[in-house]
Amino acid sequence: MRFRMYIKGSILPTVLVMGTVMFMGVLICIDLYDMKWRLSAGNYADLQRNAWIESALLLYQLDSTFMQRLDKNNSIILFDDKPQSAVTIHKSNWGLYELVTAETYDKKLKKICFMGYKADIDMTPALYVSDNGQAFTLAGNSNLKGLAYLPENDLLYSQVGSDFYSGEYVENTFIKQSSGDLPEHIEHGQSMQNLKGVNSQISPLTNVSLKNSFTENTLYLQSNTVSGSSIKGNIVIHSDQKIEIYNDTYIEDAVLVAPKVIIHDGFRGNLQVISSDTVLLGEEVVLNYPSGIFIPEAGQDSYIEIGPKSRVNGYVIFCRQEENKEEKLSPHYYQNDSTRVRGLVWIEGISQIHGGITGSLYGRDMNYYTPEGYYRNILYNAKVYSSDAMAYPFWLKSNHGKKIVKWVG
């Protein structure tokens, strides 16, 4: 007797389905492996582009001849055997900093940064006072740490009224002879002209929110007042009269250009001010790094004042247009007892400085004024400390190389 075994017809679809599922699973595994490989290759390509840009920017910071080595398209090939390592570099001025753009050959990666000069505490003075034939004096609650270039008649420690000097004495090894003028600086006349922008209707910037990338054309706004607003990026606010900034406004990276700029109590932001006459900062104003105040062609009555408990992180530069008058009984620059400035302070006029400066202070005439008269060539209740924490603006000519200040794109 023969026995026959029959497979039920309902099992066949199950076998086909299981086979199909297994086949699809194998395909998915292959595709996932391929995707992983492609993602890995893509990540590697992104990392390589980033490395090329960082290498190009590092060369730009360290090599003063770097821009001369670029081709007609402003590009440089980092490795001769790898044409794809070409990076394009463009630079322009943004206030007193450089705006540097680096882009890969395939235009798939672009980086933008502000750049300044690197400070060197072994060579950059904490204090530089031009030699006017009179000894320089420290008095009251003052202190000086770092290299000092002083008049030939040396450094004295004295008093104002009954307030004797209470700080540390400076070792002679840190004192060098200054010249009769301040060090040579970079001229910015032409670059400042470019920031004036185009004529437009004057309108107050009230309760507006504006953001403009540094990959776009500069946005020029003409206004005398900025309040209740947010202003970020590649923006220039200018006026033929004055600009007033109120504390309910936030500004980041913008440049202000006007004869007179007033920043009211309590404002916080990050900006550069370029003025032809007067800049006034109220109480508890904080200008975050990298900010700056610049008067490039000051007259006899030009003036900068930084109010109580205010902070400026970046630079303050006052550049005179004519010689100081001996009979002038008020300063061109006044810094309060509770004021702090971190970075470069350059006052080519007459200054009365209290509070603290961390970085470098350059001055021609540093006086202290009282109702009864004034003390000449003196720092009273002021602390000046050397520091290389910040990059300086492009003002002093330097061989110390460049340094990235901030990434903006």
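Is Ser178 buried or exposed? At 4% relative accessibility, Ser178 counts as buried. The legends below describe this residue and several other close-up views of a predicted model.

Figure 1. A polar atom of the Ser178 side chain lies 2.7 Å from the backbone oxygen of Val129. Leaving out residues up to four places away in sequence, Ser178 touches Tyr128, Val129, Ser130 and Asp131, and also Tyr149, Leu150 and Pro151.

**Figure 2. The salt bridge between Asp181 and Arg364.** In this pair, the closest N and O atoms are 2.5 Å apart. Arg364, by contrast, counts as buried, at 10% relative accessibility. A search of the whole structure finds 14 salt bridges.

**Figure 3. Salt bridges of Lys242 with Glu244 and of Lys406 with Asp253.** The side chains of Lys242 and Glu244 meet with a distance of 3.0 Å from N to O. Lys242 has a relative accessible area of 33% and is partly exposed, whereas Glu244 is buried at 13% relative accessibility. In the salt bridge of Lys406 with Asp253, the closest N and O atoms are 2.8 Å apart. Lys406 is part of strand β31 (residues 402–407) and Asp253 is part of strand β19 (residues 250–263), so this pair ties together parts that are 153 residues apart in sequence. Asp253 counts as buried, at 7% relative accessibility. Elsewhere, salt bridges that share partners join Asp181, Arg320, Glu348 and Arg364 into one network.

**Figure 4. An open sheet of 5 strands.** The strands follow the order β1-β2-β3-β4-β31, and their pairing is antiparallel. Which strands form the edges of this sheet? The edge strands are β1 (75–79) and β31, because each pairs on one side only. From one strand to the next, the twist averages 35 degrees. Strands of a sheet pair through backbone hydrogen bonds, either parallel or antiparallel. Strand β2 (residues 82–94) and strand β3 (residues 97–104) run antiparallel and are joined by 8 bridges. Ser92 stands opposite Leu99, which is in β3.

**Figure 5. Strand β4 and its partners β3 and β31.** Strand β4 (residues 110–117) has 7 of its 8 residues buried, so this strand is largely enclosed by the rest of the structure. How many bridges pair β3 with β4? These two strands pair in the antiparallel sense over 6 bridges. Thr101 stands opposite Ile112 in β4. The hairpin of β3 and β4 has 5 residues between the strands, and there Lys107 takes a positive phi near 60 degrees. The pairing of β4 with β31 is also in the antiparallel sense, over 5 bridges. Here Phe114 has Lys406 in β31 as its bridge partner. Lys406 also forms the salt bridge with Asp253.

**Figure 6. The largest nonpolar core, of 52 residues.** In soluble globular proteins, nonpolar side chains tend to be buried together. Within the largest core of this model, the residues with the most contacts are Leu127, Ile263 and Leu379. The largest share of this core, 6 residues, comes from β19. Not counting residues up to four places away in sequence, Leu379 touches several residues, including Leu127, Phe136, Leu138, Ile353, Leu361, Met366 and Val384.

**Figure 7. Asn212 in strand β13 (residues 209–212).** Asn212 has a relative accessible area of 12% and is buried. Which residues is Asn212 in contact with, leaving aside its neighbours within four places in sequence? Asn212 is in contact with Asn217, Thr218 and Leu219, and also with Lys232, Gly233, Asn234 and Ile235.

Technical notes: Residues are numbered from 1 along each chain as its sequence is written. This is a predicted model: local features need pLDDT of at least 70, side-chain atom pairs count only at pLDDT 80 or more; totals for chains, interfaces and linings use all residues. Side-chain values use heavy atoms; hydrogens and water are left out. A salt bridge is a side-chain nitrogen of Lys or Arg within 4 Å of a carboxyl oxygen of Asp or Glu. Buried means under 20% relative accessible area, exposed over 50%, partly exposed in between (1.4 Å probe, protein chains only). Helices (H or I, at least four residues) and strands (E, at least two) are DSSP runs, numbered from the N terminus. A polar contact is a pair of N or O atoms within 3.5 Å; within protein, one must be able to donate a hydrogen and the other to accept it, and residues adjacent in sequence count only if both atoms are side-chain atoms. Contact means heavy atoms within 4.5 Å. Axes are lines fitted to C-alpha atoms, for helices over the stretch in contact, and angles run from 0 to 180 degrees between N-to-C directions. A nonpolar core is a set of buried Ala, Val, Leu, Ile, Met, Phe, Trp, Tyr and Cys residues joined through side-chain atoms within 4.5 Å.
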